[in-house]
Amino acid sequence: MLKISHLKKSFGGVVATNDVSMHFEKDSLSAVIGPNGAGKTTFFNLISGVFPPDSGSILLDGQEIVGLSSNRIVHMGVGRAFQVAKLFKTLTVEESLRAALMSPMGKSASLRGRFPLAATRDRAYEVMEQLNLQRKAQVVSGNLSHGDQKLLDLALALVLQPKLLLLDEPIAGMGPEEREQMIETVYALWKKGGMTVVLIEHDMEIVFRIAQKIYVLSYGKLLAEGTAEQIRINPQVIEAYLGRPKEVHP
């Protein structure tokens with residue numbers, strides 16, 4: 001589904017992504033983990049076309065997407081939710097989703113108009129109901145709680161029906177109850193089928209609970225990959241990310 005081969009990206013003298021190769025199967029749920037500065041967000045930026053890699057290949061369903069614009073990559077079925085929600089702060093929840101739907105149609109100039117396409121309203125409410133946001137439809141996005149802003153950011157990624165969903169720390173800044181609700185929502189969306197999900201997450205308990213496969217980045221390089229059990233006991237991962245186990249003396 002998504003095949004990344006020998007991906008490299010440097011910023012000046014800093015190597016952010018160093019010869020990274022990964023393969024995400026269709027309809028899988030995977031996690032990319034690593035300490036701060038490991039290159040995780042850069043990795044997502046390369047996939048979504050925010051900037052091009054220095055070298056390497058990114059194949060989406062066998063088609064090369066390196067060099068394509070972010071908009072073109074979205075149109076090919078890649079959705080992304082961000083660590084810090086990127087919203088239309090002055091639009092309501094409904095308007096935001098309808099705007100996202102209309103943008104590919106070249107109608108973004110009508111964002112403050114009446115949204116003439118009835119289909120955009122139907123799709124907007126379909127996604128709002130999936131995420132339990134329908135009661136917030138007429139709330140201005142900038143006035144939403146942090147948790148609801150994260151849900152709206154997820155809704156904006158979902159509204160165009162992506163086949164690949166990239167989630168950059170979907171529970172960042174949430175309280176315990178909101179975190180659990182968000183992860184349950186993400187897991188339910190994935191279980192429904194028809195979508196490959198890749199998430200970046202620091203909460204190891206959640207990663208170990210839901211991810212089928214885990215990739216570990218460290219200093220821009222792929223350190224390890226495997227199931228939750230394989231990653232949990234990997235000595236390199238314990239040292240680089242989870243921390244060395246404390247020695248117990250008699």
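# A guided look at a predicted fold

At 39% relative accessibility, Phe 11 counts as partly exposed, a label for values between buried (under 20% relative accessible area) and exposed (over 50%), using a 1.4 Å probe and protein chains only. This is a predicted model, in which local features need pLDDT of at least 70, side-chain atom pairs count only at pLDDT 80 or more, and totals for chains, interfaces and linings use all residues. Residues are numbered from 1 along each chain as its sequence is written, and side-chain values use heavy atoms, with hydrogens and water left out. Helices (H or I, at least four residues) and strands (E, at least two) are DSSP runs, numbered from the N terminus.

**Phe 11 and its partner**

- Four aromatic pairs turn up in a search of the whole structure; rings of Phe, Tyr and Trp (its six-membered ring) pair if their centres lie within 6.5 Å, with planes under 30 degrees apart called stacked, over 60 edge-to-face and the rest tilted.
- One of these pairs joins Phe 11 and Phe 51 edge-to-face, at 5.2 Å centre to centre and with 80° between the planes.
- This pair links distant parts of the chain, since Phe 11 is in strand S1 and Phe 51 is in the loop between helix H1 (40-47) and strand S4 (55-60), 40 residues apart.

**The four-stranded sheet**

- Strands S2, S1, S4 and S5 form, in that order, an open sheet with antiparallel pairing; two strands pair if DSSP finds at least two bridges between them.
- At the edges are strand S2 (14-24) and strand S5 (63-64), each pairing on one side only.
- Seven bridges hold the antiparallel pairing of S1 (residues 2-11) with S2, and Lys 9 has Thr 17 as its bridge partner in S2.

- Strand S8 (residues 196-200) is largely enclosed by the rest of the structure, because five of its five residues are buried.
- In a regular strand the side chains alternate between the two faces of the sheet.
- Both faces of S8 are covered, with Thr 196, Val 198 and Ile 200 buried on one side and Val 197 and Leu 199 buried on the other.
- Strand S3 (residues 29-33) pairs with S8 in the parallel sense over four bridges, and Leu 29 stands opposite Val 197.
- Strand S7 (residues 164-168) also pairs with S8 in the parallel sense, over five bridges, and Asp 168 stands opposite Ile 200.
- From S7 the chain crosses through H6 to S8 in a right-handed β-α-β crossover; right-handed means that, with the strands pointing away from the viewer, the path from the first strand over the helix to the second runs clockwise.

**Pockets and a cavity**

- Rolling a probe the size of a water molecule over the atoms shows where empty space is left.
- On a 1 Å grid over the protein atoms alone, a cavity is a set of points where a 1.4 Å probe fits but cannot get out, while a pocket is an open set with protein on both sides within 12 Å along at least five of seven lines; lining residues have an atom within 4 Å of a point.
- The largest pocket holds about 670 Å³ of space, and among its 23 lining residues Asn 71, Val 74, Arg 80, Phe 82 and Leu 156 are the closest to its centre.
- Helix H2 gives the largest share of that lining, five residues.
- About 290 Å³ of space lies in the second largest pocket, where Leu 131, Asn 132, Asp 148, Leu 151 and Gln 181 lie nearest the centre among 13 lining residues.
- H6 gives the most to the lining of this second largest pocket, with four residues.
- One cavity of 30 Å³ or more is found in the whole structure, and the largest cavity has a volume of about 40 Å³.
- Phe 82 and Met 182 are among the residues that line the largest cavity, and H5 supplies the largest share of this lining, three residues.

**Two loop residues with positive phi**

- Gln 161 has a phi near 55°, a positive value in a residue other than glycine; Gln 161 sits in the loop between H5 and S7 and is exposed, with a relative accessible area of 58%.
- Tyr 219 is not a glycine either, yet has a positive phi of about 50°; Tyr 219 lies in the loop between strand S9 (213-218) and strand S10 (221-226) and is exposed, with a relative accessible area of 71%.

Definitions and conventions
Grid points are joined across faces, edges and corners, and a volume is the space filled by probe spheres set on the points.
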